[in-house]
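Morning, everyone. I'll take helix packing, then a strand, then a loop.

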Amino acid sequence: MSDTPQPVSFADFKLNKQLLTAVEEAGFTQPTPVQEQTIPLLLAGHDVLGIAQTGTGKTAAFGLPLLMKVKYAQGMHPRALILAPTRELAMQLEAHLKKLATHTDLRIFAIYGGLGPKTQIETIAKGVDILIATPGRLMEIYLRGDLVLKELKTLVLDEADKMMDMGFMPQIRRILEVIPRKRQNV
């Protein structure tokens, strides 16, 4: 018997079979330190602030608990919102989360500027579970009345430091005023 702790596996997080299969298919074998520390806290409903280098698995660290919590497609309005500073990051997050959610029926969608909002509004109208958005486009569509945010249970600010550096604080403050106060913050 040795006292060395056994390496943690994704199965230890009690994720559902659909997510564990997707994790395996994505080639993730062992959780990274940020995932090991974050996933249990988020699954338990805590607010978490994570700081880690690029490439350490932060997206899966908040994404897996988020997918586990949202679980299945339900209703028309987003129950989770991920704010990202750039269109590129929003698109990257959408692709990554869709890959992790591949065996679920979750509707994950990213909205961002740089193209007309018409198609994005049409997709939102069909129902979204997890919405990824740049702050400007989110407020634009919300203020038009084409987005309901009252069912949000989780808010993720991805690259919050970059959003502050890029001057998004006034928009983020406005967003915080229109989303439910009772929510998990990541």
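One definition before we start: contact means heavy atoms within 4.5 Å. Helices are DSSP runs of H or I with at least four residues, strands are runs of E with at least two, and both are numbered from the N terminus. This is a predicted model, where local features need pLDDT of at least 70, side-chain atom pairs count only at pLDDT 80 or more, and totals for chains, interfaces and linings use all residues. Residues are numbered from 1 along each chain as its sequence is written, and side-chain values use heavy atoms, with hydrogens and water left out.

Start with α6 and α8. On the α6 side, the contact uses P135, G136, L138, M139, Y142 and L143. They meet Q171, R174, I175 and V178 of α8. That contact splits into 7 nonpolar residues, 2 polar and 1 charged. Here nonpolar is Ala, Val, Leu, Ile, Met, Phe, Trp, Tyr, Cys and Pro; charged is Asp, Glu, Lys and Arg; the others, Gly among them, are polar.

Now the geometry. α6 covers residues 135-143 and α8 covers residues 169-178. Their axes lie 10 Å apart, at an angle of about 45 degrees. Axes are lines fitted to C-alpha atoms, for helices over the stretch in contact, and angles run from 0 to 180 degrees between N-to-C directions. So α6 is oblique to α8. The cut-offs: under 35 degrees is roughly parallel, over 145 roughly antiparallel, 65 to 115 roughly perpendicular, and the rest oblique. The crossing is left-handed. Left-handed means the near helix is turned anticlockwise from the far one by less than a right angle; right-handed means clockwise.

Next pair. Helix α2 (residues 33-43) and helix α3 (residues 58-70) have axes that come within 9 Å and cross at roughly 25 degrees. α2 and α3 are therefore roughly parallel. Their crossing is right-handed. Among the contact residues are I39 and L42 of α2, with F62 and M68 of α3.

On to strand β2, residues 108-111. Buried is under 20% relative accessible area, exposed over 50%, partly exposed in between, with a 1.4 Å probe and protein chains only. β2 runs parallel to β3 (residues 130-133), joined by 4 bridges. Pairing takes at least two DSSP bridges. A110 stands opposite I132 of β3.

Last, the loop between α2 and α3, where G55 is found. G55 is exposed, at 79% relative accessible area. Its C-alpha is 9.9 Å from that of T32, 23 residues away along the chain.
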